[in-house]
Structures are given as structure tokens and as C-alpha cells.
Amino acid sequence: MFSNEIARLRTLGVQGLLFQALNLLTVVSSGLMMWKGLCLVTNSESPIVVVLSGSMEPAFYRGDILFLTNPADVPYEIGDITVYKIPGADIPIVHRVIESHISNTTQLLLTKGDNNPGDDITLYNGIEWIERQHIIGKVRGFLPYIGYVTIAMNDFPQLKYALLGGVGLVMLIQQET
Amino acid sequence: MAPRKSVNNGGKNAELAPALEPTINSSIEKEKGDVSVISTLATDPLPTIKVNNANLGEVKAALDEIVKKHLQNQSFTPSLLHPTVHLSLGYSSVILALSSVLYSLKVDFEDSKPILWIAVVGYTILQVVLWAWKKWIEKGEVFKGKRRRMVKRIETDHIQILSSTSLDSPSQPQLTISPHTRPSSPSSVPTSPNPSTSPSTIPNLPTTTLSSSTNGSETVVGPSYNLQLTLSITSNNGKSLIHKSRLIVGKLIGELIDEDGGIEKNEFERWLNTVLDDLGAGVDGEDEFEGNKEE
């Protein structure tokens, strides 16, 4: 099926193969560096997240993409929608701040989902307040529906590997100068 | 685009002695006013390399490979400086990026921030430097090398070839010979009585109006593969410059590739030999006959 392309790859020689590999690695590295650059600029470890549950309806629905920033030294206010991660839990939660206290060292916050009957104390795994260090960022903007692509790839990992494999194959076969 | 060569023709004529005077195995097709001519010797082997002839990038890559191999067969040793710098810049930026990402996976976000800053800024700087290198120093270079010949004394040919493709037909070849050329050198190209720096057109180089000489009104149009070759001949350890010339020349891709995408390698190499002759870096360095170098 790819006999022409494979024959051409074989005639390349060491230098040619190094150049092809460099092309592929440069694309991957550029993507990674752009993502990490975005993380640094927003001061957030994950500036783009997908909403998985309906606990913030009618503001956000499952499948929405949220854009976060985490400005250092600026305290969060009541009403901000934050994404936080409890130590020991895998999945970050996106809920609204309903109470806030500034202590000597950090800011203590209590959150609640708009669509939930009670506050998040049961989700906190034993602690009474979440601290500034647990917060990944606050929501600055969102895009509806786009997140379903990520949800699909998480629920069906074969899709993720198929996509990655396809892109990799195309890059290897297409000779770009 | 010319049709592919038929097998029968090649088989029959192979029994005859390979003609130095090419029996032009040409076919002229008329398709909505287009006229395409491909001239290949009946003794040329069938194409082995096939490319997508609608993809100029692939065509350029394949023709570049043939140029590189052909020059090496003409005893030029390629210079490794440019590829080495290119690969070093590229791989150092990639290694910096990938190692910093691996590090950030092991450590908390807050702790990884300084390293990530260094990596992102360093990667950007290296990539920008690489881009500038490619644009201003490599400039589409395909081959750079030198060759030493013995003609009463040791002379070194330095050649640099830049290639490009264009959707336009090739323009007239332009040969520029440096006025410092010493006409008494045995290996210099015989120049006109007034060597000048202004480009001169060379009547014997193949032009795009090949068919118009037979059929007055039509010129062939199509994408072309263009080469810019610079030759300088030095001797005495690079201290004296004997000859310097630059040739900008192009060839219609339709004259090199058949409709299936098979590249006519021998036809291309014959054209390269005439180009090198006109540049002053002839097939054998001094003789100026149009012969085929047997592979």
C-alpha cells in the first residue's frame, strides 16, 4: 500500500532519515512548548479543561470547554467560578466560590455547584476549606460542545490511539522539505 | 505530460548499439492546444522512482535527491557544514523541549515553573535561529561541495546548488561569469570577447520554446524545476581564484516526469551534465562533449 513511500524512505540515507525524524520531533515539540507556554502565561497547570458533570448548570453543561487563568497574588472573590483539585482526588472540580477568608498565609475558600443542593464540604475529603494552592484557576471564558471530542477520546481510548497513529503515519510518509 | 514509454520499443532498440546521436523517442500530443515533448533515449531504463506528479513538493524532493547523487558521482565531495549546523540546532531545541516536559511530569507545577520558562524561551530562540539559518544562509541549498582536479596544477571546483520549484515555466537561462576569470586558464569556459557581469543568454542551452521552433505559434507552459548553480575554481590552496560563474536555469517538470509520476533519471542527468558544462564544471572538468557518464 505504501510501497512507493517506503522505497523512498530507504533511499534517504542516514542524513535524510535524521532530517525526517527532526521534522516529526519539531512538530511534537512545538505543540508541547506552546501548551507549556500557555500554562506559564496563565500561571495555571491546566488552562483549558472540559466540564464532565452537570453540577454547574445552567451556566456550564457537560462537554463545554473552559479557559482558566490563575493570577498570582490576586485573591479570589465570592462569585468567581474556580476549578480546584483536592489532594488525593484525580479529577478537578469546577464550582463557584461562596465563602472566602484570608488567613495569615493563604486564602481559605468554600465552594458549591450552582446545580447542587448543598456545598462541597462532602467532597473535600476531610478538610474544611480549600486553600489557594489547590486551585487550578478561575474561569474566564468558555466554548460550548467542543469538549465532547475529549470526552469521546477518554471513554474510547482506541479512538485516541487511532488518531495519534494516523497523524504519525501521515507525517512519516509525507516527505516535507 | 508525456505518456509512459512502451516496453516493446525499449526492448527492440536495445539490440542496436547505443546511439550517441539520440534517436529521439518523442511523442507529441495535442490536448486542447498543449504541446508536450519528452525526449528520452530508447536505451534509458524504465523509471524506478515514482512520485505524485501533482505534488510539487514531492517532485522537488525526488529531483533534489537525484541532483545530490549525480554530483557525488561527478567526484564532488559534499560539504557537511550546513547539514550539521541545521541538525544540531534542530535536535538541541527538540531535546531541550522534550526533556523539560518529562521533568514537568515528575514535579509539581509550581516547582517546575523555572525550568519550563528556560525551556520555552530557549526553544523559541533556537527555532528562530534555525529559521534564520535556513532562510538566509542555506537559502534552499541542495548541494554544496568541492572537487579537486589535476590540470597542470591542482585546481579545486567549489560548487553550490540551490533548487526551487515554480508553477511558471522556466525563464531563459542566465549565465554570469565573473570578470576576474583569467582567459588563459586551461579549464575556463571560453567566454565572449568582453566578459561582463551582466547576465547573458546562452543560445545552446535548452529553452522552453523547443516546440515553437517546429510549430511557430505555441510555447509550452507548466511548472518548472529551477536551479541556481554557483561555481568557483580556485588553485594554490584557495589563494588564487581562476573562475567564478553563476547559472540560473530551469526545466519543465513535464520534460522529466511521465504521466504516471515516473522520473526519467537518465534524461535528468543528461540535462544536469549540459548545465554543468555551461557552468564550467564539465563532466570531466575540461572536455566539453555531451556524453553520458555510465552509472
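Author: What follows starts with the interface, then turns to helices and side-chain pairs in each chain.

This is a predicted model, in which local features need pLDDT of at least 70 and side-chain atom pairs count only at pLDDT 80 or more, while totals for chains, interfaces and linings use all residues. Residues are numbered from 1 along each chain as its sequence is written, chains are lettered from A and ligands numbered from 1 in the order in which they are written, and side-chain values use heavy atoms, with hydrogens and water left out.

At the interface, 27 residues of chain B meet 24 residues of chain A, contact being heavy atoms within 4.5 Å. Together the two chains bury about 2400 Å², and 71% of that lies on carbon and sulfur atoms. Buried area here is the accessible area (1.4 Å probe) that two parts lose on being put together, summed over both. Between chain B and chain A there are six residue pairs in polar contact, both residues at pLDDT 80 or more. A polar contact is a pair of N or O atoms within 3.5 Å; within protein, one must be able to donate a hydrogen and the other to accept it, and residues adjacent in sequence count only if both atoms are side-chain atoms.

On the side of chain B that touches chain A, the elements giving two or more residues are α2 (56-73), α3 (81-106) and α4 (109-138) of chain B. Helices (H or I, at least four residues) and strands (E, at least two) are DSSP runs, numbered from the N terminus. Of these elements, α3(B) gives the most, with 11 residues. By residue class, this side of chain B has 16 nonpolar, five polar and six charged residues. Ala, Val, Leu, Ile, Met, Phe, Trp, Tyr, Cys and Pro count as nonpolar, Asp, Glu, Lys and Arg as charged, and the others, Gly among them, as polar.

Two of the helices named above also hold salt bridges within chain B. Asp64(B) and Lys60(B) form one at 2.8 Å, N to O; they are four residues apart in α2 of chain B, so about one helical turn separates them. Asp64(B) is buried, at 6% relative accessibility, and Lys60(B) is also buried, at 15%. Buried means under 20% relative accessible area, exposed over 50%, and partly exposed in between (1.4 Å probe, protein chains only). In α4 of chain B, Lys113(B) and Glu110(B) lie three residues apart, about one turn of the helix, and their closest N and O atoms are 3.4 Å apart in a salt bridge. Here Lys113(B) is buried, with a relative accessible area of 16%, whereas Glu110(B) is partly exposed at 49%. Salt bridges with shared partners also join Arg147(B), Arg149(B), Arg153(B), Glu155(B) and Asp157(B) into one network. An α-helix has 3.6 residues a turn, so residues three or four places apart point the same way.

Further along chain B, helix α6 (residues 265-279) has 15 residues and spans 21 Å from its first C-alpha to its last, close to the 21 Å expected at 1.5 Å a residue. The expected span is 1.5 Å times one less than the number of residues. In α6(B), 13 of the 15 residues are buried. Gly280(B), with a positive phi near 115°, follows α6(B).

In chain A, α2(A) has 30 residues and reaches 44 Å from first C-alpha to last, close to the 44 Å expected at 1.5 Å a residue. Its buried residues include Gly16(A), Leu22(A), Met33(A), Cys39(A) and Thr42(A). Asn43(A) follows α2(A), with a positive phi near 60°.

Over all chains the structure holds 14 salt bridges. In one of them Lys85(A) pairs with Glu45(A), with the closest N and O atoms 3.7 Å apart. Lys85(A) is in the loop between β3 (81-84) and β4 of chain A and Glu45(A) in the loop between α2 (13-42) and β1 (48-50), so the pair ties together parts that are 40 residues apart in sequence. Lys85(A) is partly exposed at 31% relative accessible area, as is Glu45(A) at 40%.

Strand β4 (residues 93-102) of chain A holds Ser100(A), which is partly exposed at 27% relative accessibility. Leaving aside neighbours within four places in sequence, Ser100(A) is in contact with Tyr76(A), Ile78(A), Gln107(A), Leu108(A) and Leu109(A). With Gln107(A) there is a side-chain polar contact of 3.1 Å.

Methods:
A salt bridge is a side-chain nitrogen of Lys or Arg within 4 Å of a carboxyl oxygen of Asp or Glu.
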